Amino acid sequence: MTSSSLSINGQRLWQSLMDLAQIGATPKGGNCRLALTALDGQGRDLVTGWMRDAGLTVRVDQVGNIFARRDGRNNALPPVMTGSHIDTQPTGGKFDGCYGVLAGLEVMRTLNDAGVQTEAPLEVAIWTNEEGSRFVPVMMGSGVFAGKFPLETALSARDAQGLTVGDELQAIGYAGADPVGGRPVDAYFEAHIEQGPILEHEEKTIGIVTGSLGLRWYDVTVTGMEMHAGPTPMAIRRDALFAASFLVQSVINIANAHQPHGRGTVGEIHAHPGSRNVIPGQVRFTADLRHEDAATLARMDQAWRRACDDIAVAHGVHVDVKDVQTFPPTPFDTDLVDKVRQGAASRGLPAMNIVTGAGHDAVYMAAVAPTAMIFVPCKDGISHNEIEDAQPGHLEAGCNVLLDAMVARANAAR
């Protein structure tokens, strides 16, 4: 029996998503299940229980990543892996990350129901702290697995209350013993809602993700001088907020100048001292630039730094720019992308190539294994929001494509 003659149980997949969504449910229908909180522990317990019920062998590594393995005919072969995360944003939805994990579980359940054994083993991963809402860096578990930063950096990271990742892993019972990474993975697939409006707008069911946008994150501090709002003439002010307003516009203008894939966002801003009759003396804000082409992203970075220098001079302020995180554009593996494309075509699903603008664990996994992603639409492109929504039929379709792609890869001649 081949995977194309199998189909997943869409109702079972949907019910699993809804059951997990009960843990940390919010009044608007979303989820707040921050990484390594007690609620995250409860979510992990629920999903790993389902994994064991499906006959999978569950292991946990030292950063809390969970791997559920289904044996193949040749367990000497490296596994074909899928997965995502189940931690959420503070006002998160029911599908971001969770869909990728539970779609992987549903693939395993479907193969069990049909009595199908693949040549290579299969694994489902639950990555620790993908969202980065409580601890930084983001995509923590997959980052350590891929060797992007040391285990100790992750374990010593603290939240706003001073609690460490290491302590919180112990508290919820997921401080595993396995080494992090250092083992071969044959391939990695990740199914995900798009988190954008393109598939819905184009009326496509499957996004064949060819790669990810590169990004550069910055922390910016603009320092001027606090002075009384009444007695201080406009001409001699060193207004940090006024200067920062031009920098915010610069971020957007740079992105607009590099379309169609340029992105620019200022997502957080703080003015000091925050009094209505004091000219702001310092402003801190974040900046985010993205593009699919490395050379173009470098030009955007250069334009941004020039803007910071120019605006500092023009307004008599000091602008300090710190590089927080950089991800180069990541093209995905052509063979795996083709397997996703073939899966969509064999099932007659409307599909299109797409580039992901969001960070995903797949971006880190692409450094250690051939990687591809499968997108399905989400309503109005809304994500990181309690009203995030997706159609059961689209989720089922994406999971069927995942099934086809994983089985094709696991049975491929080596």
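**Annotated binding-site residues, their surroundings and the nonpolar cores**

D96 lies in the loop that runs between strand β3 (80–84) and helix α3 (98–114), where helices (H or I, at least four residues) and strands (E, at least two) are DSSP runs numbered from the N terminus. The structure is a predicted model, in which local features need pLDDT of at least 70 and side-chain atom pairs count only at pLDDT 80 or more, whereas totals for chains, interfaces and linings use all residues. Residues are numbered from 1 along each chain as its sequence is written, and side-chain values use heavy atoms, with hydrogens and water left out.

With a relative accessibility of 5%, D96 counts as buried, a term that means under 20% relative accessible area, with exposed meaning over 50% and partly exposed in between (1.4 Å probe, protein chains only). Leaving aside residues up to four places away in sequence, D96 touches H85, E131, H192, I193, Q195, S383, H384 and E388, a contact being defined by heavy atoms within 4.5 Å.

In an unreviewed entry, UniProt lists H85, D96 and H192 under "binding site"; such positions are given in the numbering used here, feature names are shortened, and annotations may be inferred rather than shown by experiment. These residues are spread over 108 residues of sequence, but they cluster in space, with a largest C-alpha distance of 10.2 Å. The "binding site" annotation of the unreviewed UniProt entry also covers D96, E131 and H384. Although this set spans 289 residues in sequence, no two of its C-alpha atoms are more than 9.7 Å apart, so the residues gather at one spot. D96, E131 and H384 are included in the lining of the second largest cavity. On a 1 Å grid over the protein atoms alone, a cavity is a set of points where a 1.4 Å probe fits but cannot get out, and lining residues have an atom within 4 Å of a point.

The side chains of D96 and H384 are joined by a polar contact of 3.2 Å, that is, a pair of N or O atoms within 3.5 Å, of which, within protein, one must be able to donate a hydrogen and the other to accept it, while residues adjacent in sequence count only if both atoms are side-chain atoms. E131 is found in the loop between β4 (122–126) and α4 (140–145) and, at 8% relative accessibility, counts as buried. Its side chain makes a polar contact of 2.8 Å with the side chain of Q89, and, residues up to four places away in sequence not being counted, E131 touches H85, D87, T88, Q89, D96, V138 and H384.

H192 belongs to strand β5 (residues 187–193) and is buried, with a relative accessible area of 1%. A polar atom of the H192 side chain lies 3.5 Å from the backbone nitrogen of G97. Beyond residues up to four places away in sequence, the contacts of H192 include S84, H85, D96 and Y99, as well as H360 and F375.

T88, a residue of the loop between β3 and α3, is likewise buried, with a relative accessible area of 4%. A polar atom of the T88 side chain lies 2.7 Å from the backbone nitrogen of R33, and a polar atom of this side chain lies 3.4 Å from the backbone oxygen of N31.

In soluble globular proteins, nonpolar side chains tend to be buried together. Here the largest nonpolar core has 97 residues, of which L17, M51, Y99, L102, F189 and L395 touch the most other members; such a core is a set of buried Ala, Val, Leu, Ile, Met, Phe, Trp, Tyr and Cys residues joined through side-chain atoms within 4.5 Å. Helix α12 (residues 392–410) supplies the largest share of this core, ten residues. A second, separate core of 22 residues includes Y218, V222, I311 and V317.

Strands β1 (residues 57–60) and β2 (residues 66–70) pair in the antiparallel sense over four bridges, pairing being assigned if DSSP finds at least two bridges between two strands. The two strands form a hairpin with five residues between them, and G64 in the turn has a positive phi of about 90 degrees. The bridge partner of V60 in β2 is I66.

Definitions and conventions: 1 Å grid on protein atoms, 1.4 Å probe; cavity = no way out; pocket = protein on both sides within 12 Å on 5 of 7 lines; lining within 4 Å.
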